[in-house]
Structure formats: structure tokens, C-alpha cells
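Here is a short report on one protein model.

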Amino acid sequence: MRKGLNTICVHSGEVEDKVYKGAISPMYLSTAYAYDGLETSIYPRYFNSPNQHMLAKKVAELEHAESALIFGSGMAAITTAMLSILKSGDHVILQNQIYGGTRNFIIEEFEQYGIHYDFLDVNNLADLKSALKPETKLIYIETPSNPLLEITDITCVTQFAKENNVLTMADNTFASPINQRPIDLGVDIVIHSATKYLGGHSDITAGAVASSKEIMTKVFSKAKNFGGSLADQTVWLLERSMKTLNLRVTQQNINAQDMAEYLENSEYVDHVYYPGLKSHPQHELAKIQMQGFGGMLSFDLNDKCDVQKFFDGLKLIKNVLSLGGVESTVLSPEKTSHSLLTPEERKAQGIKSNLVRFSVGIEDTKDLKRDLQMAFSSSL
Ligand SMILES: *Cc1c(COP(=O)(O)O)cnc(C)c1O
């Protein structure tokens, strides 16, 4: 029987303190260990230091995966995982709306490797069918998506992929393994920017890949060549942070639902994008494939509000890049995460200049509402 989420968060992946019997994991900072043969010797860039090895177990258990690896950033995890699967001549299908850094990686790097790709609406089976080629090796998805919280039908995509012998990879950063376990829905490889919810305190940059033992063997052989492992001090800090992952995310789910309903009723807001709202076009799908709707939402400010004045009017909620911390943050996708898209591309994706992305923290929502109310008033 599986342990409960809080028990896994607290205890799974602990490094046992055999010498002093302390309650928490000791931090092993050695970069030099006794030689024990090339395959089994410990070396941090082999992703096998005691702290890395144990934290990977915690992530694998949370994601219902056989195995996992911890990386120096989300992008190190994504790039290494993709290049473990793909080689020159291969073709990838990617969801239209994905994290900007991942999109840049594809557009700026794939050509020199001779890897072909198509961005499309992966919820559209007809589009998937017509994009499929004999060389297609991978379908890449991210759900809920950034910044409009669109939901990809994971089961539908993985069924199509399995029928056609194609692997699937899902970026599970926005949901976190508390709210969504893509492997249970047929996904082959799950990746995370642990900089976000897994770290949760806006003080760690890290990433993770989780999959079957067979696929992780391939990922590992690329990972040690590319060298994107995470320093053990940070691995230790990430393990400490993840002890409260379920508590934090559970509170963020509650807070985001409350804030989404508040914003939906606000005269200063035109539209709220949150999968937990009945008005979200894929609310029913989200209910099926997610255990919680997450801490991320977006909203269109009404045109009587000035976007910059709104941001300037916030006192408690910070206008910063990144997301998933215990503190609430907002940003303008147009000015930050999606600034590299052309205005036409942003328009095609439905990203307006009055769109605000809101990462809801664990604060008391009455204080968050008061802060928003003041910012709305000062934005008129
Ligand atoms: C931040 C983020 C990434 C990239 O992670 P880094 O840790 O910044 O390298 C990838 N995917 C999503 C959805 C993200 O939010």
C-alpha cells in the first residue's frame, strides 16, 4: 500500500544518520569517494551522491515513477530528457502553449541537431493525426498551461501516442505531483522545474525527471555527459523544502479557488482563467485528471484599469518573475514570460496586454483581497 502524501513528503528519501542517529538527513558534501569501479563509484556529476540519490527517490515516489534524477534547473532536466530520446532526423510534436524557455530551446537549438518539430493544439485529435510522421518519436505536453491554464487531455494524448509507438513527456511544474500524476494517466516521462512548487520558497533553482527504470537509464547516460547535476547543499535544501510540499500546495489550492471566485465577481476583472472555476471550459476534464486545481490563475484586467498602475499599487503581492512560492506574486506575461513572442503570436495564443498571471501563496486570502482591492482602486 502506498504511503500518504504527507508521509512521503516528510520521510521518503531521507538519508539515514547512522553515526549520530539525528532526526534529519545529514548533508554529504564530499566530491571524492572511495573508488568502487566505474559503474558504482559515487561522484556528484554522476547524480549519485547520497543526498541526490535519496531526493530522487522522494520525487519518484510522489510521481508514481520507478526512478528519477535531480538536475541543476528545470531547463537542464527538460533539455537532457529530450536529447535522451531524440536524435538527428527525428520529429517531435509539441503543445502550442508551453513554457517560454522550453519553446526557445526548441526553436533555437533543434535545427542544428537536425530534429524536426511541430507546435499544435494537442487536444485536437485530427491535428495530431495529420502531424504524425514515421519519424515522430515524442509528444510533449504541459498542463495546466502557462499563462492561460488550459488543460491538455492527458489520457487522450497518451492513448494516441501508445497506438502509434510514440513516447510522451509532460511538464508537471504547474500542477506539482500533489495535484496531478501524469504517469498514472499513461505519460512516459515527467519533468519538473523544482524552482517552483517543489522548492516552494523562491530560493532554489532545480529540476527533476521521473520515468521508468528503462528510460531513466537513457536519461542518466546523457545526464552525466551534459553534467547538469545539482550541488548537494541545494539538494539538501530542496529535500527540506519538500517536507511541506503537500501542506503548502493544499493551502495554495484552497487560496487560489477563493481568489479565483473573488476575482470572477470583481468589477475590475473581465475574465478569470482557473481550472477550478465552473466557467473554465475544461473544468470537467480538470476534475477527472487532477486531484486539486493548483495555485496558479490568470485574469484580464478591465480596460478601466491601467496595468502598470495596478502592479504599482500592490503592496503585499510582489510583482516578480517565477512562481510557486509560499508568497503571492503577479506578473504581466506580455512584458516578461511571453515578451519574446511577436504581438501576432501572443494574440493567437490569447495573451492580452491586460493579462495578469497570479501565483497564489499561502497567506490569508482576506489580506490578499485587501491588497488587490487597493491596487484596483489606484489603477483607475
Ligand atoms: C520555470 C519553468 C521551467 C524552467 O525551469 P527553470 O528551473 O527555470 O530552469 C519549465 N517549465 C515550467 C512550466 C516552468 O514554470
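Helix 8 gives the most to the lining of the largest pocket, with five residues. Helices (H or I, at least four residues) and strands (E, at least two) are DSSP runs, numbered from the N terminus. The model is predicted: local features need pLDDT of at least 70, and side-chain atom pairs count only at pLDDT 80 or more, while totals for chains, interfaces and linings use all residues. Residues are numbered from 1 along each chain as its sequence is written, and side-chain values use heavy atoms, without hydrogens and water.

The lining of the largest pocket has 19 residues, and Y46, H53, S67, L69 and F220 lie nearest its centre. Two or more lining residues come from each of helix 2 (50-62), strand 1 (67-71) and helix 8 (213-226).

Leaving aside neighbours within four places in sequence, K196 is in contact (heavy atoms within 4.5 Å) with Y99, T173, S322, L323 and G324.

S328 has its own set of partners. With neighbours within four places in sequence left aside, its contacts include I317, F358 and G361. A polar atom of the S328 side chain lies 2.8 Å from the backbone nitrogen of G361.

How values were computed: 1 Å grid on protein atoms, 1.4 Å probe; cavity = no way out; pocket = protein on both sides within 12 Å on 5 of 7 lines; lining within 4 Å. Polar contact = N/O pair within 3.5 Å; in protein donor to acceptor, adjacent residues only side chain to side chain.
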